[in-house]
Amino acid sequence: MNSHPYDPLSRIESLYLRGNGDSRVVSNNERQVLAEVWRTPGRSRAAFRTRLNLAQQSIHRIVTQLEERGMVLLGELVPPANKGKPSPRLHLNPRFACSVGVSINTDSAGICVMDFSGGFTSRSVSIDALTMDEAIGVTENEISDLLEASGFRWEDVFGIGFAITGFLVEGTRFNAPEPLSEWSAVHLGPVLADRFGKPVWTENGANTSALCERMLGVGRRIDNFVYLSFNYGFGGGIILNGELARGGFGNAGELSGMFTPEEMGDRPRLRSLLKTLQAGGVDVRTIDDLTQRFDMAWPGVAEWLDRVSAHYSRVINVLSAVVDPEVIVLGGQIPRQLAKELMARTKFYETPRHGIHRKMPRLHASEIQGETAAIGAASLPLKEVFF
């Protein structure tokens, strides 16, 4: 699939490598330990034996090496359950490094700075009517401001995750909606890596939102879920066994593909809601504006819900039958109140056989506020390399 030669791993700074001729940042076993510390911070080192397929002696050695490299911090000692020595609680060192996330929507850009333990700061900035170069310049300035506010420098940035709405064409080139047509003409990975001087991982915005939920939301407890991303368009990200499912061509989760050309206008995307509101006299110009000022009482909201609910329910039932997720999360730029109303209108097609019902996914409105695609994009370099 990836015919373009760009590889962000080849651009990782040498100071992060294990050394002694090893081109990796962490070994597979080190990655297991780091992932477990991310998932359950504060767990004692001794408790890891029951969670990982590693000997206690190996865990002790790996933790010592990770501490020496500055990735892990040892906390208070926990008395043993039976005999033995007290064991320290383990935490990721937030100051080891940071990552940056950028998400490009049709009229706004989300920016996030995330520390090594998952703490983050994010914000949104308008890029409405800006050229690609102008928009990159705006995001670059915002990144610098966020780094300073977070106590980091550009030298502390391990890598950048970059998300854009649209489907993957090949390599790091995406086919974005019409307002972002200029972004669709280039392989974004090498262009942005050269511009920022850092390795850049690229991904579809719905997928990075799913990663945000995986790293910081329901994904801490649930390994199989689908994230529905309501934006200018409509798509999704699929997490199976804790990992992002990309599919054979990198476009797993392109949910709009289940609609006929005649139905496309009535799929549950926020662009159609924006147009319906404008036709009803609501003074709202962009998706970002809609999200920030949303009111369920606006004329046109009920009309949009009536129009898209059946198509939305089809999505839920197809995902239930094909993916079999434990949870389906409604997120993206959709206002939380609107997401809950869609959930209340969900119709499940499943009928019992021999009096037995097939288990259906739980529906969940994302509780992560702010720029989820950018937050997930910031987690992407960390997830790809360390966790």
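Q: What is the relative accessible area of arginine 18?
A: The model is predicted, with local features needing pLDDT of at least 70 and side-chain atom pairs counting only at pLDDT 80 or more, while totals for chains, interfaces and linings use all residues. Residues are numbered from 1 along each chain as its sequence is written, and side-chain values use heavy atoms, leaving out hydrogens and water. On the scale used, buried means under 20% relative accessible area, exposed over 50% and partly exposed in between (1.4 Å probe, protein chains only). Arginine 18 counts as partly exposed, because its relative accessible area is 30%.

Q: Which residue forms a salt bridge with arginine 18 at 3.0 Å, N to O?
A: A salt bridge requires a side-chain nitrogen of Lys or Arg within 4 Å of a carboxyl oxygen of Asp or Glu. Arginine 18 meets such a partner at 3.0 Å, and that partner is glutamate 30.

Q: Where does glutamate 30 lie, given that arginine 18 is in the segment before this element?
A: Helices (H or I, at least four residues) and strands (E, at least two) are DSSP runs, numbered from the N terminus. Glutamate 30 counts as buried because its relative accessibility is 2%. The pair links parts of the chain 12 residues apart, and glutamate 30 belongs to helix H1 (residues 28-39).

Q: Which residues are linked with Arg18 and Glu30 in a network of salt bridges?
A: A further salt bridge joins aspartate 22 to arginine 24 at 3.0 Å, N to O. Aspartate 22 is buried at 16% relative accessible area, whereas arginine 24 is partly exposed at 37%. The network links Arg18 and Glu30 with Asp22 and Arg24.

Q: How far is the nearest side chain of opposite charge from aspartate 288?
A: Aspartate 288 is placed in helix H7. For charge, Lys and Arg count as positive and Asp and Glu as negative, with His and the chain ends not counted. Aspartate 288 is buried and has no salt bridge; arginine 285 carries the nearest opposite charge, at 9.1 Å.

Q: Which residues lie nearest the centre of the largest pocket?
A: A pocket is an open set of points on a 1 Å grid over the protein atoms alone, where a 1.4 Å probe fits, with protein on both sides within 12 Å along at least five of seven lines; a cavity is a set from which the probe cannot get out, and lining residues have an atom within 4 Å of a point. The largest pocket has a volume of about 850 Å³, a volume being the space filled by probe spheres set on points joined across faces, edges and corners. Its lining numbers 44 residues, and nearest the centre are Ser229, Asn231, Tyr232, Gly332 and Gln333.

Q: Is asparagine 105 buried or exposed?
A: Asparagine 105 is in the loop between strand S3 (98-104) and strand S4 (108-115). Contact means heavy atoms within 4.5 Å; beyond four places in sequence, asparagine 105 touches residues including Asn231 and Gln333. Because its relative accessibility is 9%, asparagine 105 counts as buried.

Q: What is the volume of the largest cavity?
A: The whole structure has one cavity of 30 Å³ or more. Among the residues lining the largest cavity are Asn204, Asn251 and Ala252. Its volume is about 40 Å³.
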